[in-house]
Amino acid sequence: MAQLDVQQKLEILADAAKYDASCSSSGTAKRTSRDGKGIGSTDGGMGICHAYAPDGRCISLLKILLTNSCIFDCHFCINRKSSNVRRARFTAQEVVNLTLAFYRRNYIEGLFLSSGIIASSNYTMEQIVEVARSLREDHHFRGYIHLKTIPDADPELVHQAGLYADRVSINVELPTASGLKRLAPEKSEGRIETAMQEMKTAIVDTADAKKRYKSAPRFAPAGQSTQMIVGADAATDGDIVAKASTLYDRFNLRRVYYSAFSPIPDASTILPLKRPPLMREHRLYQSDWLMRFYDYTPADVVAATDQATGMLPLDIDPKLAWALKFRGSFPVDVNRAPREMLLRVPGLGVKAVGNILSARRWRRLSLADVGRLTQSIAKVRPFLIADDWRPLALSDRADLRPVVAPKKEQLELFA
């Protein structure tokens, strides 16, 4: 490997990290250095990689790889062993110095660190842990740290990562075992899930100990997450939704991230020639949201897919697709329906439903009242009964989909 300076390494390894989607910093413990002790903060700011917390705070992260060299040869990865890309490698101390330097310049509030595997899984994991250890113990860094862990590494090393990081993640890579075996034969679904189970156990045990003993160590307070590549294998949206639901249930994940496959230079012949539509990735995130916050089951989401292809429609969102398939469940009376049915109404979000439930305790709601709580009253009207509204003609229309689907607009280059 040619000798590179830190600037050249940063250019290569920051670019190589862009394929990792799991870069959200939500859910961590709040820490600052305003008391004059330590350095860093988990609160928002402006920076390099913007991650957004549920309350809208923007947290900027330095998002890099320790190295893009790798002993594995996963077909879908641009950093695979056989790939003809320019290689670079940071030392642990260089990553520490970069993180502190970027923080002091107000560029970042935290670090997202992943890596290719060099020498062995254990050696690479040791280097990743050393970065986090040095930041926390040597420099008292209190900012956000997200570490991408290696399932093949010694469980003790992975456990140490959780002691220093706010969030840890282990990528499942692909939604099906057959896809993983075909495209990443050196990786094992069993080893990945064992590592995720051990991490879940450690997080639960430490949280329980923290309730009983103030001196108990913190352990990955922002939980664990994972990432799946979409469109690299033959998995349908139904397969992906089912896999995500299983991961949430079995491992108490904070997030499952979806990353649309992107064709890479000198790609293997078993990979698709074209990337899937980015809208497919977006629809999967919407489906994920429905299961996490709208009380939809995986079966509900799968029911919204096309029966022949198993794919979610790209022109309308999954919630609207479900409503159009199950027209018999509508219209819903906004003044009487329970929360779970109001959440099924296209155009009504969790906040709007909460406001409706509060407001109707005091008076009956009209369509105009509902309109003030949602962005698209046109989308809501066919599925709702209000004090002054019944969708008599709309609800029975055979061509309802074109009426409620988003209108296509021709964008102007020089508007």
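Visitor: Of the 415 residues of the chain, what percentage count as buried?
Guide: This is a predicted model, and burial is judged by relative accessible area, with values under 20% counting as buried. By that criterion, the buried part of the 415 residues of the chain is 52%.

Visitor: How many helices and how many strands are there in the chain?
Guide: Both kinds of element are present in the chain. The count is 16 helices and nine strands.

Visitor: Among contacts between residues at least 6 apart in sequence, what percentage join residues at least 24 apart?
Guide: A contact here requires heavy atoms within 4.5 Å. Among the contacts in the chain between residues at least 6 apart in sequence, the share that joins residues at least 24 apart is 67%.

Visitor: What distance separates the C-alpha atoms of Val 131 and Ala 92?
Guide: Val 131 belongs to helix α3, residues 121-138, and is buried, with a relative accessible area of 0%. Beyond four places in sequence, Val 131 touches Ala 92, Val 95, Val 96, Leu 111 and Leu 113. Although Val 131 and Ala 92 stand 39 residues apart along the chain, their C-alpha atoms are separated by 5.2 Å.

Visitor: Which elements are included in what covers the buried residues of α2?
Guide: Helix α2, residues 92-104, reaches 19 Å from its first C-alpha to its last, close to the 18 Å expected. Its buried residues include Ala 92, Val 95 and Val 96, and these three are also among the residues that Val 131 touches. The cover over the buried residues of α2 includes α1 (6-16), β2 (58-65), β3 (110-114) and α3.

Visitor: Which residue takes a positive phi just after α2?
Guide: The phi angle in question is about 65 degrees. The residue that takes this value just after α2 is Asn 106.

Visitor: How far apart are the end C-alpha atoms of helix α6?
Guide: Helix α6 has 24 residues, 189-212. At 1.5 Å a residue, α6 should therefore span 34 Å. That expectation agrees with the model, where the end C-alpha atoms are separated by 35 Å.

Visitor: Which residue caps the N-terminal end of α6?
Guide: The cap involves a side-chain oxygen that lies 3.2 Å from the backbone nitrogen of Gly 190. The residue that caps α6 in this way is Ser 188.

Visitor: Which elements are included in what covers the buried residues of α6?
Guide: Among the buried residues of α6 are Ile 192, Met 196, Met 199 and Ile 203. The cover over the buried residues of this helix includes α4 (155-164), β5 (167-169), α5 (177-183), β6 (224-230) and α7 (237-251).

Visitor: Which elements give two or more residues to the lining of the largest pocket?
Guide: About 830 Å³ of space lies in the largest pocket. Of its 39 lining residues, the closest to the centre are Phe 76, Cys 77, Asn 171, Glu 173 and Lys 187. The elements that contribute two or more residues to this lining are α6, β6 and β7 (255-260).

Visitor: How many nonpolar residues has the lining of the largest pocket?
Guide: By class, the lining has ten polar and nine charged residues. The remaining class, nonpolar, has 20.

Visitor: Is Glu 173 buried or exposed?
Guide: Glu 173 lies in the loop between β5 and α5, and its phi is near 70 degrees, a positive value in a residue other than glycine. The relative accessible area of Glu 173 is 11%. Because values under 20% count as buried, Glu 173 is buried.

Visitor: Is Asp 295 buried, exposed or partly exposed?
Guide: Asp 295 is in the loop between α8 and α9 (298-303), with a positive phi of about 65 degrees although it is not a glycine. Its relative accessible area is 46%.

Visitor: In which helix is Ala 323 placed?
Guide: At 0% relative accessibility, Ala 323 counts as buried. Beyond four places in sequence, Ala 323 touches Phe 330, Pro 346 and Phe 383. The helix that holds Ala 323 is α10.

Visitor: Which two residues are joined by a cis peptide bond with omega of about 0 degrees?
Guide: One of the two, Pro 331, lies in the loop between α10 (318-325) and β8 (332-333). The residues joined by this cis peptide bond are Phe 330 and Pro 331.

Conventions: Residues are numbered from 1 along each chain as its sequence is written. This is a predicted model: local features need pLDDT of at least 70, side-chain atom pairs count only at pLDDT 80 or more; totals for chains, interfaces and linings use all residues. Side-chain values use heavy atoms; hydrogens and water are left out. Helices (H or I, at least four residues) and strands (E, at least two) are DSSP runs, numbered from the N terminus. The expected span of a helix is 1.5 Å times one less than its number of residues. Buried means under 20% relative accessible area, exposed over 50%, partly exposed in between (1.4 Å probe, protein chains only). A polar contact is a pair of N or O atoms within 3.5 Å; within protein, one must be able to donate a hydrogen and the other to accept it, and residues adjacent in sequence count only if both atoms are side-chain atoms. On a 1 Å grid over the protein atoms alone, a cavity is a set of points where a 1.4 Å probe fits but cannot get out, and a pocket is an open set with protein on both sides within 12 Å along at least five of seven lines; lining residues have an atom within 4 Å of a point. Grid points are joined across faces, edges and corners, and a volume is the space filled by probe spheres set on the points. Ala, Val, Leu, Ile, Met, Phe, Trp, Tyr, Cys and Pro count as nonpolar, Asp, Glu, Lys and Arg as charged, and the others, Gly among them, as polar.
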